[in-house]
Amino acid sequence: FIFTDFLQMAAAHCMVHPVPPRNFTLPCVLLNETFLSPFSAGSWSGLRRELGAPKIKPLMNEENFLCCLWSASSIDCSLYRASMQARKFIPSEINLSAPQKIDWSWNMECWIRGRLDLLVCNLQLLKLDLRADLKVNLLYSGSELSLGAASTSSLQGTVRVAPCDCGDQATCQCLVATPSLNHTYLLWLEMVAGGTALGSPPVALQPTDIVKPEAPVKLRLELAERGQVKLCWSSPAPLPFPLQHQVRISAPPGHGDSQMLQVALESSVAMDNALLDSPSSVQVRSRNLRGPGFWSDWSTPYNLTLGAQVLYFPPRSLTSAGSNLSFLCLYTSSTQPVEAQELVWWLNLAEQIPARQYSLVSSRVSKVTLFNLKATQPRGGFLYNALYCCHQSRECHHRYAEFYVVDMDFNISCETDGYLTKMTCRWSANPTTLLLGSLQLRYHRSQIYCSDFPSPSPNSEVKECHLQRNHSYECTFQPIFLLSGYTLWIEFKHFLGTLESSPTCVIPADVVKPLPPSNVGAELTRNTGLLNVSWTQPVFASRDLTFQIRWNSGSREDIPWQLYEVPRPAGSWAVVRVQQLCVQYVVQVRCRELDGSGYWSDWSRAAQTLVQDIR
C-alpha cells in the first residue's frame, strides 16, 4: 500500500491493472534515490518511515515508478513513466528474481459468485498484526467502457464504498451486491490506521473474467441409448457462457489411485463399467470454457456403487398409441453384478412380458420391446405404466421405468358459414388425455389449396380454442381465405415432451354450410296428386347446389318425414308425387354445394299446403 497522493497520480495516468482469476499482490512504489527496491522494507512502519510525510514531493512530476504483480510461483513487473497513457498491465517488461517477504502488502482474491449476484474480495494481510482501529473500505466505480488505450480519466462514474469486514486472522472480506456483467469496474482499497490513510493502486475488474461457478449438483448415473453408463450432473445456476468440467474419481485405500478426467462442454462423461463394481466416489467441478475464471468448489462426493444398482434407458418415455417402445436395463443385485440373460421384465408388477420380446445389448444390459401400445389408463393416482427389470429369481429393485401412452387420434372437422366470412373447426379429446397434459390446435395457412401430403410446418401458429361440453373444443377462423389450404393438427404438451397428431388440410371453400333456401312455397294440384314446391336459392352461394325436399302430412307428430332428392340440374322448383290429396302437407327444403365435402344447410322454414275440396 502507498500514500493516497501516489494513488491520485497513478489513477490520472496509467496505474490500472486487470484483476486476474487467482490471488494476487500488487504494490507500486516510486523509483528514486531514497527507495530503490519495493522489496527492501522490513515492515509497514518501516515503509512509513522511508516514505514519511516530510519526504513526499508533488508526485505528478516524478519520472518513473514500478508495479509488480506476483503470486507464490511467479512475478511480473512493469516500469511506468508518468507520461504514459492508460493501458493494461503488460508482464515481463522487467524480470526480477523471486521477491522477499512483503510485510506491508495484502494478498487479494476477487471473484463473482456463481449466481452472478455478488462480488467477493478476500484480503489476507501478510505478517502484520491487525490494529484495533484498522478500517478498510473497497471503493469502486462502474463503466460500460473497457480498459484500453483511453486514459483512466474516461473511466468515470459514481464512486461507491463497500465496507470490508475484518476478522481476527488478519483477513478481511469485501462484498459488492448485484455487479453488472457488462461493466468494467475500477476499484481500489483505502485503509485508515493510527490516523494515517493508505490506498492501493486502482485495478480494473471485468466480472465475466472472474466468475466462480457454483459447484455442480444432482450427480447421477444414467444408461445411454447403446448401453453405455454415463455420469451426469447439473449446474445449479444458468451462466451466460459455456463451462468446462473436471471429474475426480477417488478410490478408497487399497483400490488404486485417484483418477482425473477432463471433460469439455457436455455435462456428462462415459464411465468404465468396472468402476461401477468398485467402492469409488466421484466429484465434479466447473469453470468458464472460453475465458479466464475460477474453478468451482468440488461437488458433494457421489458413490458409484449405490448409484448403479439398477439403471434404465430411457428412465421415462412418452409416446402415442399404436407405437412400439424399447427399454434397456442394467441390474446389480445387493451382492454382485447380474448378467443380462438372467433378467426378466414385468409390466406394473402384474404382467410378465414374454421372453421373445427380450434381446441382449451386452453381457450386462438387457433390452425389451413393447409392440402396438394402447393408451394409458389411469390406475388410481398413477397416470403412467411402470416397467420393472428384475432378476429371474423375482428379486426386484424399487426403481422402475415409467412410460406414458397417449391417444393422438383426433378427428378435426371444419365448416365455413353460409356468409363465407368464418370457418369453425371442432375436435374432441379423450378425458384421459386431458389428465396427462395440455392440448392445443396448431395450423399453417398456405397461399392456395392443399398439399397432397400435408405435414406440420415450423412456421405454424396456435389457434385459441374453447372447451365445450363432452370434452370437445371449438375454434373459429375469421377472416378466412376461401382458397387457401389450412393445415391443422393437435399438439399434446407433456413434461416429457410434445406429441403431434396426423395433420389434415382444409380449404374453406370446400367445407361450406350454405344458408337455407328462403321463400319456400308448396301447392297441391287438384286431382293429379302432385306437390309443387318452389324456393329461392341462398344469396351467397358461389357454386352449384343440390337440394333435398322433405314433407309429411302434419296431422300427427309420429308420422315420419318423406325425403325427396331433387334431380340435377336443380333449379328453384320441383314436383313431388303424393298419395293423399285431402291432407295438409308441411314442406321444408335444404341445400349443399354440388362439389366438395361441404355440409347440408339447415332446413328452411316450413311451408304448408292448403286443403281444398275435391269433387
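Two strands are said to pair if DSSP finds at least two bridges between them. With this definition in mind, one may turn to the predicted model shown above. Leucine 545, for instance, stands opposite glutamate 593 in β45.

The chain as a whole contains five helices and 46 strands. It has 615 residues, of which 45% count as buried. Among contacts with a separation of 6 or more, 65% are between residues 24 or more positions apart.

Most peptide bonds are trans, and most residues other than glycine have a negative phi. The bond from phenylalanine 313 to proline 314, however, is cis, with omega near -10°; proline 314 belongs to the loop between β22 (310–313) and β23 (316–320). Glutamine 478 and proline 479 are likewise joined by a cis peptide bond, with omega about 0°, and proline 479 lies in the loop between β36 (472–477) and β37 (486–494).

Leucine 420 is not a glycine, yet its phi is positive, at about 60°; this residue is located in the loop between β31 (413–416) and β32 (423–428). Asparagine 470 also has a positive phi of about 60°, and its place is in the loop between β35 (466–467) and β36. Because its relative accessibility is 70%, asparagine 470 counts as exposed.

Terms used. Residues numbered from 1 in each chain as written. Predicted model: local features only at pLDDT ≥ 70, side-chain atom pairs only at ≥ 80, totals over all residues. Heavy atoms only, no water. Helix = DSSP H or I, 4+ residues; strand = E, 2+ residues; numbered from the N terminus. Buried < 20%, exposed > 50% of the residue type's maximum accessible area, 1.4 Å probe, protein only. Contact = heavy atoms within 4.5 Å.
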